Amino acid sequence: MASDKISRVGIVGAGQMGAGIAEVCARADVDVLVHESSRDLVTAGRARILRSLDRGVSSGKLTEREREQASCRLRFTSDLDDFADRQLVVEAIVEDEDVKIDVFRALDKAVVDPDAILASNTSSIPIMKLGMATENAGRVIGMHFFNPVPVLPLVELITTLATSEDVSRRAESFAYDVLGKQVIRSADRSGFVVNALLVPYLLSAMRMVESGFATVDDIDKAMVLGCAHPMGPLKLTDLVGLDTVKAIADKMYEEFKEPLYSPPPLLLRMVEAGRLGKKAGRGFYRYD
Ligand code: CAA
Ligand code: NAD
């Protein structure tokens with residue numbers, strides 16, 4: 001049985017989610033190596049994590065010393081072969097099955113220890129598809145974090161028909177004991193538990209806007225003031241990213257063929273227009 005102590009982690013991707021996962025790992029005393037595919041993306045990813053650590057200091061959640069210690073635990077690379085000594089790698093790149101399969105194929109070669117865990121933060125791609133890109137699907141698992149990662153306490157764990165029990169146990173222990181996250185388990189079905197419930201709700205809100213049923217502001221106000229949600233569905237879509245919501249909906253529709261998962265034309269047009277939400281400066285709202 002492999003050692004339970006995971007102290008060297010790799011994160012692939014330093015977008016919103018990869019940066020957040022890297023940050024919580026570094027804050028939990030773990031050595032973190034973050035991969036982005038170019039030097040410019042490394043610079044942007046590093047800045048994203050440092051901004052969030054600064055925010056932690058200004059909101060009183062971190063001391064200056066803790067911020068310094070966390071940033072010293074973070075290193076960056078553009079070469080996946082540098083992940084050779086990692087005990088756990090979490091992939092958090094764009095929600096695109098072909099791109100993720102390529103990365104899992106490369107990780108399988110790069111990460112030397114056969115007991116090292118290869119995890120995906122995918123929102124909707126069945127984990128088995130990623131496992132089958134490797135020679136050892138037993139070490140592949142879904143570890144689905146929530147946005148913003150430093151704030152939301154959940155990780156969904158998704159084991160496949162092939163994931164080994166030891167990998168499943170060690171991934172849960174890392175999420176719970178090391179990162180302090182709550183863990184729920186989901187079957188390996190597109191969307192898992194949270195997005196199977198959340199995404200139809202987000203798409204319904206878009207259909208309401210599309211049909212003139214109510215305005216963006218009023219729909220969001222309704223769910224914040226009427227149901228005590230922290231933000232309304234359209235603001236939440238902007239936070240997640242419209243490209244990501246569309247990719248998730250497409251995958252879930254592909255799996256279940258249910259109209260409730262089918263992305264409405266308004267979402268397609270906004271993605272085509274580059275109105276991808278908060279990260280692009282414009283979605284259902286503007287962010288200047
Ligand atoms: N990083 C670190 N901390 C952050 C943060 C970030 N990116 N954003 C907010 N925070 C912290 C703030 O410091 C603040 O902490 P204190 O209360 O201790 O001061 C707290 O969170 C609240 O932040 P704000 O006052 O700035 O703003 P807010 O009250 O409007 O909260 C929010 C912002 C945390 C995003 C909140 O609106 C929220 O929880 N929204 C819902 C988010 C959600 O549902 N996420 C799930 C998306 S679905 C998903 O992730 C899965 C998928 O596959 C798509
Ligand atoms: P993002 O758009 O913020 O970042 C995308 C990342 O993918 C960046 O690191 C980018 O450099 C990388 N990337 C893009 N194209 C690539 C390519 N061809 N090859 C390699 N890397 C590439 O996206 P995000 O919101 O961080 O989402 C990342 C993953 O996390 C997705 O699988 C998404 O479904 C999942 N997720 C997202 C959320 C959310 O709320 N946004 C929540 C949970 C899980």
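This is a short talk on one protein chain and the surroundings of its two ligands, taken from a predicted model.

Start with the overall build. The protein has 11 helices and eight strands. Its radius of gyration is 19 Å, close to the 19 Å the globule rule gives for 288 residues, so it is as compact as a globular protein of that length. The C-alpha trace spans about 55 × 45 × 35 Å along its principal axes. Of the 288 residues, 44% count as buried. Now contacts with a separation of 6 or more: 66% of them join residues 24 or more positions apart.

On to ligand 1. Its shell holds 17 residues. Ser-123, Phe-146, Asn-147, Pro-148 and Pro-230 come nearest. By class, that makes 11 nonpolar, five polar and one charged. Which helix gives the largest share? That is α7, with three residues. Helices α2 (39-58), α7 (192-210) and α9 (233-240) each supply at least two. And where does ligand 1 sit relative to the domains? Domain 1 (8-186) and domain 2 (194-280) both give residues to the shell, so ligand 1 lies between them.

Next, ligand 2. Here 24 residues surround the ligand. The closest are Gly-13, Gly-15, Met-17, Ser-123 and Asn-147. Helix α1, residues 16-27, gives the most, with three residues. Domain 1 (8-186) and domain 2 (194-280) each contribute at least three residues to this shell.

One thing to look for on screen.

Terms used:
Residues numbered from 1 in each chain as written. Chains lettered and ligands numbered in written order. Predicted model: local features only at pLDDT ≥ 70, side-chain atom pairs only at ≥ 80, totals over all residues. Near = placed C-beta within 6 Å. Helix = DSSP H or I, 4+ residues; strand = E, 2+ residues; numbered from the N terminus. Nonpolar A, V, L, I, M, F, W, Y, C, P; charged D, E, K, R; others polar. Domains from an automatic or database assignment. Rg over C-alpha atoms; globule rule 2.2 N^0.38 Å. Buried ≥ 20, exposed ≤ 12 C-beta atoms within 10 Å, placed from the backbone. Contact = placed C-beta atoms within 7 Å.
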